[in-house]
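Visitor: Hi! Could you walk me through this one?
Guide: Happy to, let's take a look together.

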Protein chains: 2
Amino acid sequence: MQDWLAQRAMRSPERVALFFRDAQWTWRELDARVNHVAAQLDARGISQNTRVAVLMQNSDAYVVLVHALARIGAVLVPINTRLTANEIEWQLNHVHARFLIYDNANSATAAQATQSISELRPISLDELQSLTFPPNTKQSFNRKSKIENRKSEISNLQSPVSNLDSPHAILFTSGTTGKSKGAMLTYANHWWNAMGSALNLGLHDDDVWLLCMPLFHIGGLAIVLRSVIYGNPVVLHEAFDAGAVNRAFDEQRVTIVSLVSTMLRRVLDARGEKPFPETLRAILLGGGPAPKDLLERCAEKNVPVVQTYGLTEAASQVATLAPSDALRKLGSAGKPLFGVELKIEHDARDKVGEILIRGATVMQEYAEDAQATQRAFRGGWFHTGDLGYLDDEGYLYVLARRNDLIVSGGENIYPAEIENVLNAHPAILEAVVIGAQDAEWGQTPVAYCVVREKISANADELKMYCAEKLARYKIPSEFVFVENLPRNASGKILRRELAEQWTRMNVDERGITNYKTRARINPEANNSA
Amino acid sequence: MQDWLAQRAMRSPERVALFFRDAQWTWRELDARVNHVAAQLDARGISQNTRVAVLMQNSDAYVVLVHALARIGAVLVPINTRLTANEIEWQLNHVHARFLIYDNANSATAAQATQSISELRPISLDELQSLTFPPNTKQSFNRKSKIENRKSEISNLQSPVSNLDSPHAILFTSGTTGKSKGAMLTYANHWWNAMGSALNLGLHDDDVWLLCMPLFHIGGLAIVLRSVIYGNPVVLHEAFDAGAVNRAFDEQRVTIVSLVSTMLRRVLDARGEKPFPETLRAILLGGGPAPKDLLERCAEKNVPVVQTYGLTEAASQVATLAPSDALRKLGSAGKPLFGVELKIEHDARDKVGEILIRGATVMQEYAEDAQATQRAFRGGWFHTGDLGYLDDEGYLYVLARRNDLIVSGGENIYPAEIENVLNAHPAILEAVVIGAQDAEWGQTPVAYCVVREKISANADELKMYCAEKLARYKIPSEFVFVENLPRNASGKILRRELAEQWTRMNVDERGITNYKTRARINPEANNSA
């Protein structure tokens, strides 16, 4: 079978494939550019199954590279641009990457990360000059004779990617806990995910996806792969910017966008009272349990939010709420995609347990990590490490990462439950609850809060507020007021980092909380003034 | 993986799955009914890979049976109800069917067809009483507790159909020529066809498919399988009726229907001047090259016709025009579905040649016919036996079955070209052109015409009319005026039968046309009076 881009370019050559900055490319133009780049990669010795790491910002060149690597059957290894050179070096070594393609913004890190890996060749985007096409040649694709284009289509028939079980990419998990693992995703994983998503969200002829997540995470990459299968254009943003997102809604007739909660909050804030255009038909909301106040705010404003639960290891969406259920099942991540099975591993006394999945979207293995693979797939099911439950109608509710669960005096506390209460408080912009080590209870909840400008909040008031809505053991023992919360590149909050910071600053080597230190990092007095 | 119906019932239990006569069933109800029937089939010894022939009219029970056989992994062998007992017996023997399920309308034929096959057990629909559910129990599904229904879902997890490469059905080709062959279709063939179709036509939440073709042909069966994957309801008709089709458009918000040309003509005639509702978004027009006058008539009236080229061996659609190309590429069958490759086997001097295909929708083999399989797949491509060409933009135009090609004095004549001219004549309701044996030219075109009531037509006038539009060698040498044209069950014209009839009545054993005999069957004088 031809590769997906070749098939798409054959089917709808003149439709727009990609908008980036002020430029746009049709599928025919994108295909020609990819042919060109694939030839250059080939000339540098990149071939089928070669693992090629990419350290780049979002750009049209990144999209071209994704397709060019697929065309020659190489395996894409996208690298998170926020990592340190050390971390990158570890990942490159771990998957035996043979090449690293980097852009100007990342050249220093690339040099540092690769200096001691002798068998790896770094390639700059400038070296691959063809990647940044001279602006004037773009138009010339349109003038190319049709015969020329048909020839290029025929040449693509010999693409090595005829087996959907071939590896497409290794994506390091963006998981907020533990050692990074490389999820090995196949073409079949992506294909089934795209189909499952389409069966849930529908396929409209005028669909336009906005991509404002990093391409090195599955949430961004999946949109590029879906678009080539569906044939819809992608509006690509270099980075998330709430104003730019709103402009894309209003001016580019975007119909679907993927966001995480923090992004959505900012988009809503930036939008103010202006209604969303009717063309926008779905905001896929992923990246962890969605705060209830945010969902309610969207429901009130008629914003078409569709909650989803996704994983790198399952090529993005695992379960997604059907748009028609969005209001009736507020807070649920819906049902598993077609082709995905999901169950909860729980004991008799509690319906909450670990979410297990299997099916055509689930990766076969972690690259070069048989032990992690075996552990994750014990019993034939992939263990997600996330906690959730199914309601009577089989709808999934995701509560927390298992590692984020707080156990206090033998009671299970889900951070999201407390966060939902705090987020509904008018003074709080965003709250995150972690489990702090506690000599008496094992753990107690501690709340990190970002407060709204000009609105005061203090710990005592918030405790009293919580006491009205939560059982006593769920009331945070401490409140830490901060300016920002630590996040990874896709916007997920790094809970583990907060928990570690708390421990580092407040707990001595005997495990006893040091109250003096705690006071020092707690700017409560200032904020509540 | 669970079977498709179980997955669908889990995802959208309360949505309507099927409308038949005055009744309707939700996915949950259909699933429960299928569970019941699957248990009964199981009790009769039908299990994985058992080949079960079905000789029934379209009905809700037929749909239930299709899903019940899939649930236990048995192979469906749908039998054309228009066949003679002898022909059916041959098919049952050919595929070693172990069971034949028949309804009352077909009981006599079933008895006759099976009387000498000792290893086959006939089962009447009445014997499988559960198939025709007592009307009052239908409602009781709604009252079933949710817990009961969840139990039934869990039981379905163990479905044997976890491998998409398992055989789903053997469909005898409805080909109008040669010996019947049993196309062995897998779940994967159907799945890819459903996906390819969705990628072309889109998936809308409010889609309703009208099924008015026989379920024993791929065109009908494919709609049932698509519906369970997409989750859209099917409006099932017992048989084609132009008035009923129009009522379904107006009253049941049908969005998509599959028709062949003759059906579409009748629907247009029955509709008169009444516009089609806006809810109708696609009329998939298959069953052979579409007459140009019909397409033009639809374009004028804004009827959303989408031409398609389909084959039993490729699980229905092979190529379909995108709705957005419908007017620009009038007469084309569009581009191959995603996942299907298509090429034309032609020599240098002619762009027309045999249509070859390969890909995920194409069957692996003809059941019990290694020779036919080998012949069809020579060179790794499936040879369709149809003639066509690709235009400069890669759009497919289907001209004729290879066997219908008329070669006259070394010139190739495509019947459709002449038929398009004749069909545009006001006196002609429908025309079919066959190749008649001719001592001088090898073959010459002969036109069979159905004329409109009250409008006269005679051969001389029609010849003059053709002379204005066609090269001399394409002008039919004879016109035969008939009341009806012979068709198979899906409405395709049986050209071979006409050609055989012509030969039988007009050509003697030396191959010389007998003019006296010809006059006898040519009612021209009467019709042109």
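Visitor: Which residues does A:Val52 touch, not counting those up to four places away in sequence?
Guide: They are A:Ile46, A:Leu69, A:Ala74, A:Val75, A:Leu76, A:Val77, A:Ala97, A:Arg98, A:Phe99 and A:Ile101 (contact means C-beta atoms, placed from the backbone, within 7 Å). This is a predicted model: local features need pLDDT of at least 70, side-chain atom pairs count only at pLDDT 80 or more, and totals for chains, interfaces and linings use all residues. Residues are numbered from 1 along each chain as its sequence is written, with chains lettered from A and ligands numbered from 1 in the order in which they are written.

Visitor: OK, new topic. What rotation superposes chain A on chain B?
Guide: A rotation of 180° with 0.0 Å of shift along its axis, giving an RMSD of 0.1 Å (least squares on C-alpha atoms of residues with pLDDT of at least 70 in both copies). That is how a two-fold axis relates copies.

Visitor: And which residue of chain A comes closest to that axis?
Guide: A:Leu203, with its C-alpha at 2.3 Å.

Visitor: Now helix H10 of chain A, which residues are buried there?
Guide: In H10(A), residues 242-251, the buried ones are A:Val245, A:Asn246, A:Ala248 and A:Phe249 (buried: 20 or more other C-beta atoms within 10 Å of the residue's own; exposed: 12 or fewer; partly exposed in between; C-beta atoms placed from the backbone). Helices are DSSP runs of H or I, at least four residues, and strands are E runs of at least two, numbered from the N terminus.

Visitor: What do they pack against?
Guide: Strand S9 (209-211), strand S10 (234-236) and helix H11 (261-271), in chain A.

Conventions:
Contact = placed C-beta atoms within 7 Å.
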